[in-house]
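Morning, everyone. Let me put the model up, and then we will go through salt bridges, a surface patch and cavities.

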Amino acid sequence: MNRSIVRYSSAVACLSIATLALTACSGAGSSSKATSANHTLTIAIDTDFQTFNPGLSSYQESNELIYNVYDEFYHLGTTAGPSPYITNYDADKCDSMAIASSAFSPNDMSVTINVRKGMTFHHTGNPVNAADITWLFNHAAAGHGTGAPDTYGAMQFLHFESWHQTGPYSVQIKFSQPVSQDVFCQYLRQVEFAVLDATQIKKHITNSDPFGDTYIDETPDLGSGAYEVESYTPGSQMVLQAYPEYWGLKPYYNRIVIEIVPDEATRALLLREGSVDVAEYLGQDTMASLKAVSTVRILSIPSRNQMWMGFHFVGALRNRLVRQALAYAVPYSAIISQVYKGYAKLSTGVIADLGKDNDPSTYPYTYNPAKAKGLLRQAGFSNGIRLTCAYQQGISTEEQLLVLLQGAFKNVGVSLSLQPETGAALATALGTPTTACWLREVLWYIDDPGYVGYYVGSSGSPLASWFGNFSSPSLDKVIADMQLPTTTPQQEAAQKAAAIQYQRIVNGLAPILFLGDLDFQIGTQTTVCGYQQQPDSLLYYAAFRAC
Amino acid sequence: MRELTVRGVLDGARRAVSMQSPAAQGVPGRRVTAWPRVLARTVGSALVTLWGVVSLTFVMVRLIGNPVDFLAGQFRSGQTVSAIRNELGLNRPVWIQYVSYLNGLVHGNLGRSAISGQLVLPQMLARLPSTLELLAVGILGAGLVTLILAIPSSRRPNGIADRVSDVIITAGASFPAFWVGLVLIFVFYAKLGWAPPPIGEINSSLSPPTNITGSILVDSVLRGDLADFTSALAYIALPSITLTIMLVPTVLQTTRAVLLEVYESDYIRMAKACGLGRRTVERYALKNIIVPFANVLAITVGSGLSGAVLVEVVFSWPGIGDYVVQAMDAADYTPVMGVVLLCAVIYILAYGLADLIAVRVDPRIAERA
């Protein structure tokens, strides 16, 4: 018996020693060591790419991949950021990408766009031309946007009426009403307008799949961007390499390794230990813990992203005074300091503080529990009300925020119940009044009051059901004024006047509690520089360089 | 003459113990004929179980939401939502969707993900070998630890091995797998630097071996690539130890209890009374725990699969864990149903294997079959 135990133990001990020895031998050589010599940038993200189809992508991970592998129509220009390590975008500057030049008609009812010559698609070498652009529009518009809903939504917002190829490299787009050139550029810089290799896709179409959606879904790279996909291991890793034939900026990092690291603590540890150069999607607490690490730099960039608690106009929330009372019951400063650790600023209403034509004077709410109680009494709810709020489960910062709000609301007699949901269930809950309220971070990709007005308050808004359809004809008129082109100073002034009126109306109605304008944050090694902030907070890999 | 007599007594005792031992009872000749019947019964019950799992999952996933609003994006129009619903076939009556799904399954088609648009089966198969590799090594580890500790602890209750077992069982059952994983990463990767970074299955600077089985560990052995093998072994060490720690309590506790019962059984007492050597007695005892041990390992496959999902998240292991979590979040029906079905198949296979082992080892089961 003893001998057999010894035999078993010896075998396991040998196995353990061998494993540890192998571990010690091959373990320490982490990817980061080899990184700098090859100009490789290793980035840790939180989950696998949800889709490769630019028209279907609603996720940051997929969007970021597409942003770097494909050429969009435009990019925004850059300006100095809040620190030497950050370059910010400039929404007023439009840099050409796939579209080399564009000419709007004098009445802004049409535009002719000219595709950059000499661009080629990865892997096939097919030239990028006007046929790829018209295919993109046709694909998006087919079947009310089933193949590319976000692209179709953007085309609707921009009042696309028709489009046709006017030459091998030129396309004319006609609008049903005048379109702002600034907004046109900002919208067409997004991944929804990534240019796909239509020639290659057309080889894979069938009667039941006339736009080759199946092929697009299954192909990680049909683009012409600065990077091409070298390899992809599902659930594990994607490797990009700089596209040697790229027309534009030659990236410093010629190889990008995207590691899929689902656990936030592990991502933080990998950054701390130098095994990755950039770690994305880290929560506030994790960011705070990394600040003390000398080899790590936490970049924090003020943005127009906002945290919203939106109201369905049901029960007591139909009453404007109740909504206003809740706006006075929010401990705004405590949210900024305790939940966001100072990496956010007080919101000043429906147009973010950094947004175009923001007017802070239109936002009357500050933390004032006495006033909140008074408004509730005035509304006939002196005994308080009960609310249930839907939110996406598993986001620790949002959970902390809700717990803080629960306490603050309780002080004024409002009982707040929380209903965690999956991403899909929350997407449904936003548009259906099954709960009184919902919590969601909103990323404003377009810096334009007309864009904000279209989504919040206009009767045609696809989001109208998020806020109890509170629009009115007079508000629609104000929003329409905000959406007019702003080519001349007079038009700019008119838009600003309308925007102020809009903010006064919407903030007064309090359909949403604006809980903070959030900083975008990311952790990098101190050896990595060149971070370029985008409106959608996607990393632009080609801008990174060694410090 | 004296020596011959003693040997004769021992031989007689062996024969007597063999006759009394449950593993030796029954009619050996029937074992062969029992196999097809056992196999048919196992396959039959497996099919019924799978149908039940598919039906239940089909209903359950629809309770977590629907992917349409999510897929349509935040700035969708009603027309787009309606068009997407039509395209996904969600506008059809649920029973037609059900029949359509079953029809697809019969033809080996698990459908397409609504979110990625990709076929579910290849997506799962691309990730499955990693999960199975981790599961196999984890279960192997749990089995080894159990064999090392269960035998001495059941031979000597309250002895050192028994107390060590108690500690391991209590500790293993108390600490959540993700926490154990994080501690192991912190100690062996961050502090000691012995372990590689918890990213994937192999050092990213190495090119993985040609895909034969999908398991890097196995493929590197088949290709005879030592560098890949050592790297893969290093990368799987901590995740598999985490899984082992999670699985050991169940396997060890059950096996120890069974062994204790066997050691106290009449035929072992008789063997000891007849003066059979310790190793011979152990052989009889161990033979009789094969069936329960196999059953415990089969049960462990189920908990191991769910544990592997957690371990995969902590160690960035590219298995089916992240895939199904992502699908659940998006209420993407087909991948969720596919993964549940796959897990059911694995579970049923493990149980089927345990049944077949039981038939092979225990003639009484073969006879009943």
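Start with Asp166(B). Asp166(B) counts as partly exposed, at 35% relative accessibility. The terms here: buried is under 20% relative accessible area, exposed is over 50%, and partly exposed is in between, with a 1.4 Å probe and protein chains only. This is a predicted model, so local features need pLDDT of at least 70 and side-chain atom pairs count only at pLDDT 80 or more, while totals for chains, interfaces and linings use all residues. Residues are numbered from 1 along each chain as its sequence is written, chains are lettered from A and ligands numbered from 1 in the order in which they are written, and side-chain values use heavy atoms, with hydrogens and water left out.

What does Asp166(B) meet in a salt bridge? Arg256(B), at 3.1 Å, N to O. A salt bridge here is a side-chain nitrogen of Lys or Arg within 4 Å of a carboxyl oxygen of Asp or Glu. Arg256(B) lies in helix α10 (residues 226-263) of chain B and Asp166(B) in helix α7 (residues 160-174) of chain B, so the pair ties together parts 90 residues apart in sequence. Helices (H or I, at least four residues) and strands (E, at least two) are DSSP runs, numbered from the N terminus. Arg256(B) is buried, with a relative accessible area of 13%. Asp162(B) joins in too: a network of salt bridges links Asp162(B), Asp166(B) and Arg256(B).

How many salt bridges are there over all chains? The search of the whole structure finds 11.

Over to chain A. Glu230(A) and Arg255(A) form a salt bridge at 3.8 Å, N to O. Glu230(A) is in strand β8 (residues 227-233) of chain A and Arg255(A) in strand β10 (residues 255-260) of chain A, so this pair ties together parts 25 residues apart in sequence. Glu230(A) is partly exposed, at 39% relative accessibility. Arg255(A) is partly exposed as well, at 25%.

Another one: Asp90(A) with Lys93(A), closest N and O atoms 3.8 Å apart. Asp90(A) is buried, at 18% relative accessible area. Lys93(A) is partly exposed, at 39%.

Now the surface. Chain B has a nonpolar patch of about 710 Å². Its members are Phe175(B), Phe178(B), Trp179(B), Val183(B), Phe186(B), Val187(B), Leu192(B) and Trp194(B). Val183(B) sits in helix α8 (residues 177-191) of chain B, and is partly exposed at 33%.

Last, the cavities. Rolling a probe the size of a water molecule over the atoms shows where empty space is left. A cavity is a set of points, on a 1 Å grid over the protein atoms alone, where a 1.4 Å probe fits but cannot get out; lining residues have an atom within 4 Å of a point. The count is 9 cavities of 30 Å³ or more.

Of its 19 lining residues, Gln50(A), Ser113(B), Ser116(B), Tyr323(B) and Gln326(B) are the closest to its centre. Which helix gives the largest share of that lining? α14(B), with 3 residues. By class, the lining has 10 nonpolar, 6 polar and 3 charged residues.

The second largest cavity holds about 100 Å³. Its lining includes Phe157(A), His159(A), Asp448(A) and Gln483(A). By class, that is 6 nonpolar, 4 polar and 1 charged for the lining.

Methods:
On a 1 Å grid over the protein atoms alone, a cavity is a set of points where a 1.4 Å probe fits but cannot get out, and a pocket is an open set with protein on both sides within 12 Å along at least five of seven lines; lining residues have an atom within 4 Å of a point. Grid points are joined across faces, edges and corners, and a volume is the space filled by probe spheres set on the points. Ala, Val, Leu, Ile, Met, Phe, Trp, Tyr, Cys and Pro count as nonpolar, Asp, Glu, Lys and Arg as charged, and the others, Gly among them, as polar. Patches are made of residues with over 30% relative accessible area and no salt bridge: like charges are joined within 9 Å, nonpolar side chains (Val, Leu, Ile, Met, Phe, Trp, Tyr) within 5 Å. Accessible areas come from the Shrake-Rupley method with a 1.4 Å probe; for residues, only the protein chains shown count as cover.
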